[in-house]
Structures are given as structure tokens and as C-alpha cells.
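Hi,

Here is the structure I promised to pass on. Have a look at it first, and then read my notes below.

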Amino acid sequence: MLAETDVVVVGGGLAGLAAARRLHRASVPWRLLEAGDRLGGRVATDRVDGYLLDRGFLDEPILLVDGDRRELVANTVVLSNAAPTYVPAGRHLVATSVVGPQAPPEPAIRQELDRLYGRSTADWTHLSTVSIPDALPAAPPPQGRLRKPVALGDGLFVAGDHRDSPSIQGALASGWRTAGAVPAALRPSQGGASELDGGTEANS
């Protein structure tokens, strides 16, 4: 039996967590419901043979993007250059993202990485392949206005990167905007829901 609360946040992904954080700061009573066994949604970190493998969004300072539009490798990064604690001492970790319903054969990916890094990958060890269905909402050009309203009416709100830019920032910003709209909805005498602040503090 759930305790009575003003706001129920359904889903503990990045958007839901950002919304809960802002509600907490505003002293609005809330409860978060998550069907899975962990929080974070599509973002998670697995430990494999002493390495930490991120899945979901990669938010590191340097990505190598294939500018030749071969559309096999979306991006690749030497993750250990940005996060040395992810690997055992003296080792390196390369994370590569590909797009499509199924991962291409490993030899095809290695061939592309040979070209992108300008060296042979024959001595690299494959640690893991993780498939992430529905990883990001489609945003084909021209993108136009990506930001969509979060208030659905009747006290319902929606958050996620499908309401903003398809990215980790979009998920956080939409959760922040949603939580900003909720207090006005809890005060009907003040004219219903409005979106506040535009998500400018999503990463603060």
C-alpha cells in the first residue's frame, strides 16, 4: 500500500530522477515507482574482467566520429583516457557505438576501427557487446523544434528525451521542466500548469 503523496513519478530513468530531484528541492512530496531492479533507465555500468563498461549514453569529453558517412560505426572513444579508473593498471578500454537493429559482425567493426584509429586492432580483446533497443528517439533532419510540452492535462505530465533533444541532456532537461510545471498544477487557483525555467539547471 503506497503512502499518500502529492506527486507520483513513474519510472526511475534519467528524466524521472531529474524530476524527483527538483520536486525534492521545491519541498513537494513525491514518490518514485520503478519496475526494474535498478535506477538509471538506459544508463548502466557493468563490470567485466576488471573493466567498467558503460551502456546507454556515453558522456565523455572526446568522441571519434566517422565523417565518411559509412554508417557502420556511429562513434568510438578511448574511454580509459577520460576515465582511467575504468580499467586495470596499464590497460586501455575502447567503447564503440553502432546503429541498427543488430550489431554488425565483429570483423567488420574491427576493419572500421583499423581505419578510424590508423592502426591494427588485431591484438584488441573483445570484452562485451550490449544491445540497447530504442536507445534514442529518432530526430531526422530538419529537426525543427525538438522541445515538446510536458503537461498533458488532468494532472498528468510526461518526461524523457523524446520531449527534448534525444540525448542525456534532453532526458535531464525534460525531467527538470516537468518538475517545474508540477507545483503550479498543485495550486489550481493560480491557473493550472506552466513550465518553469526551461531546464536550464538540469545538470546543476
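**What I found**

Let's start with Trp124, which is partly exposed, its relative accessible area being 23%. Keep in mind that this is a predicted model.

Which residue does Trp124 form an aromatic pair with? The partner is Tyr117, and the two rings sit 5.7 Å apart, centre to centre, with 65 degrees between their planes. That makes the pair edge-to-face, because planes over 60 degrees apart are given that name. Tyr117 is partly exposed too, at 24% relative accessible area. The count of aromatic pairs comes to 1.

Next, have a look at Glu112, which is part of helix H3 (residues 106–117). Is Glu112 buried or exposed? With a relative accessibility of 8%, Glu112 counts as buried, because the cut-off for buried is under 20%. Its side chain makes a polar contact of 2.9 Å with the side chain of Arg115. If you skip the neighbours within four places in sequence, Glu112 also touches Asp66, Arg70, Leu72 and Val73.

Finally, find helix H1 (residues 14–25) and helix H4 (residues 168–185): they pack at about 40 degrees, and their axes are 7 Å apart. Their crossing is right-handed. Residues making this contact include Leu14, Ala18 and Leu23 of H1, and Ile168, Leu172 and Trp176 of H4. Sorted by class, the contact has 11 nonpolar, 3 polar and 4 charged residues.

Cheers

Notes
Residues are numbered from 1 along each chain as its sequence is written. This is a predicted model: local features need pLDDT of at least 70, side-chain atom pairs count only at pLDDT 80 or more; totals for chains, interfaces and linings use all residues. Side-chain values use heavy atoms; hydrogens and water are left out. Axes are lines fitted to C-alpha atoms, for helices over the stretch in contact, and angles run from 0 to 180 degrees between N-to-C directions. Helices (H or I, at least four residues) and strands (E, at least two) are DSSP runs, numbered from the N terminus. A crossing is left-handed if the near helix is turned anticlockwise from the far one by less than a right angle, and right-handed if clockwise. Contact means heavy atoms within 4.5 Å. Ala, Val, Leu, Ile, Met, Phe, Trp, Tyr, Cys and Pro count as nonpolar, Asp, Glu, Lys and Arg as charged, and the others, Gly among them, as polar. Rings of Phe, Tyr and Trp (its six-membered ring) pair if their centres lie within 6.5 Å; planes under 30 degrees apart count as stacked, over 60 as edge-to-face and the rest as tilted. Buried means under 20% relative accessible area, exposed over 50%, partly exposed in between (1.4 Å probe, protein chains only). A polar contact is a pair of N or O atoms within 3.5 Å; within protein, one must be able to donate a hydrogen and the other to accept it, and residues adjacent in sequence count only if both atoms are side-chain atoms.
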